[in-house]
Amino acid sequence: MGATPSETSPATLMVDLIISLDGYASAEGWPGWWGLEGPEYLAWLDEEAAKNYTFLLGANTYRLMYGMSAQAAADRTGFSAEEGASLTGLAAVPKMVFSSTLQAPLDWPNSTLVTGDAVEAVRELKRTGTGPLSTLGSLKLTRSLLAAGLVDRFRLVVFPVITGATGRERIYDGYPDVMLEMVQSRTFDGRLQLLEYVPTVLTGPPGNR
């Protein structure tokens with residue numbers, strides 16, 4: 001069995017993903033949140049924003065989210081009021097961007113560029129840090145951190161859609177085998193399912209131990 005993240009780490013790391021029932025992070029032609037966000041879910045997002053996470057993201061997600069945040073701040077069409085508020089609010093939160101191609105200083109406010117090995121940087125951040133960490137999209141980065149045993153919580157909000165024809169960004173491709181112990185579940189607006197787990201990375205099927 002693989003390493004389990006230390007429960008005594010000064011900084012906990014949350015992988016936080018939204019997902020369709022068939023395992024996609026987004027779908028071409030669909031609106032944000034698949035158009036299914038509701039008041040309970042949006043209120044919960046506001047509560048989470050007050051927890052002072054430092055967000056971890058890769059270069060592709062940085063470029064995408066910075067562009068969307070800038071569009072929302074310019075009040076361009078295409079975003080709902082809720083999406084716009086969420087996107088513009090990201091400018092104020094601390095972000096660490098792992099990239100060998102971007103150059104400092106980064107244009108998005110409160111963004112720090114890390115050019116070295118992401119796994120080792122996050123390992124050191126967890127050892128010395130004092131605040132909670134959370135991934136922001138960045139599926140490749142998330143996969144690497146999970147495989148390295150650095151993830152303390154693995155949290156999904158499952159949206160009740162199957163996007164077999166239009167789904168983009170398959171989440172679990174390339175993952176190791178992982179055992180998940182559920183620590184929290186919740187339903188938002190009668191349709192969205194929050195599932196939170198403690199993950200343990202496996203070196204093989206449990207029956208082979």
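## A quick tour around Leu 145

**The cores**
- Leu 145 belongs to the largest nonpolar core, which has 28 residues; together with Leu 13, Leu 17, Leu 56 and Phe 98, Leu 145 touches the most other members.
- At least two residues of this core come from each of β1 (13-20), β4 (95-98), α4 (118-128), α5 (139-147), β7 (153-159) and β10.
- There's also a second, separate core of 17 residues, with Tyr 53, Ala 72, Leu 102 and Leu 106 among them.
- In soluble globular proteins, nonpolar side chains tend to be buried together.

**The sheet**
- Follow the open sheet across its 8 strands and you get β5-β4-β3-β6-β1-β7-β10-β9, with mixed pairing.
- The edges are β5 (111-114) and β9 (178-188); each has a single partner strand, so one side of each is left without a neighbour in the sheet.
- From one strand to the next, the twist averages 25°.
- β1 and β7 run parallel and are joined by 7 bridges, and Ile 19 stands opposite Val 158 in β7.
- Helix α5 lies across β1, β3 (54-58), β4, β6 (133-135), β7, β9 and β10, at about 110° to β3.

- The average pLDDT is 89, and 92% of the residues score at least 70.
- Strand β10 (residues 192-201) has the highest confidence, at 98, while helix α3 (residues 81-89) has the lowest, at a mean of 77.
- Over residues 1-8 the pLDDT is below 50, though this stretch has 20 contacts in the model beyond near neighbours in sequence.
- Where pLDDT is low, the predicted coordinates should not be read in detail.

Note on methods: Residues numbered from 1 in each chain as written. Predicted model: local features only at pLDDT ≥ 70, side-chain atom pairs only at ≥ 80, totals over all residues. Heavy atoms only, no water. pLDDT = per-residue confidence, 0-100. Helix = DSSP H or I, 4+ residues; strand = E, 2+ residues; numbered from the N terminus. Contact = heavy atoms within 4.5 Å. Core = buried A, V, L, I, M, F, W, Y, C linked by side-chain atoms within 4.5 Å. Buried < 20%, exposed > 50% of the residue type's maximum accessible area, 1.4 Å probe, protein only. Pairing = 2+ DSSP bridges. Axes fitted to C-alpha atoms, helices over the stretch in contact; angles between N-to-C directions.
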